[in-house]
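Colleague: I would like a close look at a single part of this model. Please take me through the sheet and what surrounds it.

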Amino acid sequence: MTLAPEVTDVQAIVEQVWSSFLGEEEPLLPRLAEPGQFAADEAWSAAVSISGGWDATVTVELSAPVALSLTRTMLGLDDIDDAEDGDVADAVGELVNMVGGNVKSLMPGPSVLSLPAVAAGRAAHPSGAAEIARFDGIWAGEPVRVAVHAIPQP
Amino acid sequence: MKILVADDSKVMRQIVIRTLRQAGHGGHDIVEAENGRDCLEKVSSEQPDLVLSDWNMPEMNGIDCLGALRAQGSQVKFGFVTSEGSDEMRARAAAAGALFLIAKPFTAETFNEALDGLLG
């Protein structure tokens, strides 16, 4: 069984990262959600992998409105229409980088954090990947998910 | 004074520059680099007084950039701004010659504490 971060720690990390960028507008609140497909018609997602002393993938999924709001705030844009794909990818990638980096600090090392990979869509995981921690949240009525998956070992 | 901000994320470079302003260090010249190799070249061409660098970057990461700078004989003041703030990372940063490591997410106060006395 793969060592897993405490869900409460994952939640604390996400809330801390969130409050530094979007928390002044509205708080990120936990919500009860079933495991399975992320519930948003349009989503952005990003992943980082941690490998070495502990192997796992950390993913974030945001509905498109959240991703745009995050981008506007992080880039200091006045008009949300000014955000291009590359800007959103930068913002969502940085979000998973911060969450993943903080999760990595909790777990056994030494290990290496990958560069983020971002997609304009929900996350998908290989069939052998096991979810070992998940935080579902709601921000301004929109869903946010952070998940940690153990990388399947051969 | 001139500050070089190195991060592959444009978003993060903007946040660092904004936080420098919030921390009362907005009057300095800012130069940006996209990765460690770009940072290395710009330290040579721009001669900054301080480098604020991410750790994880494509082409050349921050720790390798710092190693290359010190190997070339550069003593430029260097600090990390990174999502990985563990004791192990801080020790590696210090061993390579970094003056501080600011963990993300950060506040203007965190910047102030790290930069206190470093910028005239």
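Colleague: What pLDDT does chain B average, and what share of the residues score at least 70?

Modeller: This is a predicted model, so confidence comes before geometry. Chain B averages a pLDDT of 94. In that chain, 99% of the residues score at least 70. Confidence in chain B is highest in strand E3(B), at 98. Confidence is lowest in helix H1 (residues 10–22) of chain B, where the mean is 90. For the model, ipTM is 0.84 and pTM is 0.90.

Now the sheet. In chain B, 5 strands make up an open sheet. Their order is E2-E1-E3-E4-E5, and the pairing is parallel. The edges are strand E2 (29–33) and strand E5 (100–103) of chain B. Each edge strand has a single partner strand, so one side of each lacks a neighbour in the sheet. From one strand to the next, the twist averages 20 degrees.

Strand E1 (residues 2–6) of chain B runs parallel to E2(B), and 5 bridges join the two. Within this pairing, Ile3(B) stands opposite Ile30(B) of E2(B).

A helix covers part of this arrangement in contact terms. Helix H3 (residues 62–71) of chain B packs on the sheet. H3(B) touches E1, strand E3 (50–53) and strand E4 (77–82) of chain B. The direction of H3(B) makes about 175 degrees with that of E4(B).

Next, the partner chain. The contact between the chains takes 21 residues from chain A and 17 residues from chain B. On the side of chain A that touches chain B, the elements giving two or more residues are helix H1 (7–21), helix H2 (64–75) and helix H3 (85–106) of chain A. H3(A) gives the most, with 11 residues. By class, that side of chain A has 8 nonpolar, 10 polar and 3 charged residues.

One of these helices, H2(A), can be checked for length. At 1.5 Å a residue, its 12 residues should span 16 Å. The end C-alpha atoms of H2(A) are 16 Å apart, which agrees. Buried residues in H2(A) are Val66(A), Ala67(A), Ser69(A), Leu70(A), Thr71(A), Arg72(A) and Met74(A).

Conventions: Residues numbered from 1 in each chain as written. Chains lettered and ligands numbered in written order. Predicted model: local features only at pLDDT ≥ 70, side-chain atom pairs only at ≥ 80, totals over all residues. Contact = placed C-beta atoms within 7 Å. Helix = DSSP H or I, 4+ residues; strand = E, 2+ residues; numbered from the N terminus. Nonpolar A, V, L, I, M, F, W, Y, C, P; charged D, E, K, R; others polar. Pairing = 2+ DSSP bridges. Axes fitted to C-alpha atoms, helices over the stretch in contact; angles between N-to-C directions. Expected span 1.5 Å × (residues − 1). Buried ≥ 20, exposed ≤ 12 C-beta atoms within 10 Å, placed from the backbone. pLDDT = per-residue confidence, 0-100.
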